[in-house]
Amino acid sequence: MNLKIKIKGREYDVELQEDKDKVIVKIDGKEYIFANNGETSQIEKQDNQSEKGAKILAKNNNIKEIKAPLSGTISEIFIKTGNEIKIAQKLLTLSAMKMENEILAESNGKIKEILVTKDQKVKEGEILIILE
Amino acid sequence: MNSNLKIINLEKVNSTSEVAKDLALRGVSDWTIVLGNMQEKGHGRKGEAWFSPLGGLYFSIILPKSNINDLQTLTVLAAFSVAQTLKENFQIEPLIKLPNDILLNQKKVCGILTENIIMGDKTLISILGIGLNTNIDFFPDDLKEIAISLKQVLSKEVDNYKILEQVVASIKKQLEIINQ
């Protein structure tokens, strides 16, 4: 995907590429590589800017249960039983407190059971998904 | 335009929130604003479409990491920020339909949506999206009874950038107060 972005009047050419287990972002020729090597993930970059992405692709911590971070209503489910999931993969959307909340996987794994359905109300801490 | 604001101005975009989320995940700094001159897939809660032709003001703000309860408060306060900006600039009386919408003449003039990306108990990304019907001449048949623009109310064009600056300044201030 190619974008032209304007910041403070200056125009930048931005190119986004997905390549297997990494995402490459080129900004005016400078390349930023976001890599995920399985157990741990890290960002390789050419300057010292802080990167939220590094925090998102956090250490694999073998989480077996995905819990509701807050009370709300399940508005979308993006996975099915038996699906292999990767860390930071979008699992479901929870409408809560008048906000839309995307819930991401905390670890790699396989979906053993989905305990909720679309439009179901859930409470904070309730188990939504069990991984094998 | 205020040079302190970091604005990424895109001519046409699916959704400013989508781009803002994407950029936030890639490490773009807090308070960066994605401004779209028009949106092809502007949306509100539960994916409801937001009519976003050229002329309107559509932007999303990458918010600093905040407590989830504070974000809910901020969503409400963002509505107050927009309503206050409209009232002060145009001497009109907007009505806030809590927590996400602002009405003029009982029709929707502005929609606000906060979207969070959560992993475990941590909120990684928060995007505050605002769609404001500013310089829109008319709405399609299915919306004309429920939507309205500032241009229709004021019979003149308004300055989108000026409104953007004032709303963002007000939201920043509100978040500072919440965090105190």
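In which strand of chain B is Asp101(B) found?

Modeller: Asp101(B) is found in strand β5 of chain B, which covers residues 101-104; helices (H or I, at least four residues) and strands (E, at least two) are DSSP runs numbered from the N terminus. The model is a predicted one, in which local features need pLDDT of at least 70 and side-chain atom pairs count only at pLDDT 80 or more, while totals for chains, interfaces and linings use all residues. Residues are numbered from 1 along each chain as its sequence is written, chains are lettered from A and ligands numbered from 1 in the order in which they are written, and side-chain values use heavy atoms, with hydrogens and water left out.

Asp101(B) has a relative accessible area of 14% and is therefore buried, where buried means under 20%, exposed over 50% and partly exposed in between (1.4 Å probe, protein chains only). Its side chain makes a polar contact of 3.5 Å with the side chain of Lys108(B); such a contact is a pair of N or O atoms within 3.5 Å, one able to donate a hydrogen and the other to accept it, with residues adjacent in sequence counted only if both atoms are side-chain atoms. Apart from residues up to four places away in sequence, Asp101(B) touches Leu95(B), Ile96(B), Lys108(B), Cys110(B) and Gly111(B), a contact being heavy atoms within 4.5 Å.

Gln39(B) has its place in strand β2, residues 32-39, and counts as buried because its relative accessibility is 11%. The side chain of Gln39(B) is joined to that of Ser52(B) by a polar contact of 3.0 Å, and a polar atom of the Gln39(B) side chain lies 2.9 Å from the backbone nitrogen of Thr16(B).

Helix α2(B) packs against helix α4 of chain B, residues 160-179, at an angle of about 140°, with the axes 9 Å apart. That angle makes α2(B) oblique to α4(B), because angles under 35 degrees count as roughly parallel, over 145 as roughly antiparallel, 65 to 115 as roughly perpendicular and the rest as oblique. The contact involves residues of α2(B) including Leu74(B), Leu77(B) and Phe90(B), and residues of α4(B) including Ile163(B), Val167(B) and Ile171(B). The axes are lines fitted to C-alpha atoms, for helices over the stretch in contact, and angles run from 0 to 180 degrees between N-to-C directions.

Two loop residues deserve a look at the backbone. Gln91(B), in the loop between α2 and β4 (95-97) of chain B, has a positive phi of about 50° although it is not a glycine, and at 64% relative accessibility Gln91(B) counts as exposed. Ser155(B), in the loop between α3 (150-154) and α4 of chain B, likewise has a positive phi, of about 55°, and Ser155(B) is exposed at 65%. Most residues other than glycine have a negative phi.

Turning to chain A, its secondary structure comes to one helix and 13 strands, and 41% of its 132 residues count as buried. Leu94(A) is found in strand β9, residues 90-96, and is buried at 0% relative accessibility; its contacts include Leu70(A), Ile74(A), Ile103(A) and Val122(A). Ala105(A) lies in the loop between β10 (99-104) and β11 (109-114) of chain A and is also buried, at 0%. The contacts of Ala105(A) include Ile85(A), Leu91(A) and, from chain B, Met119(B).
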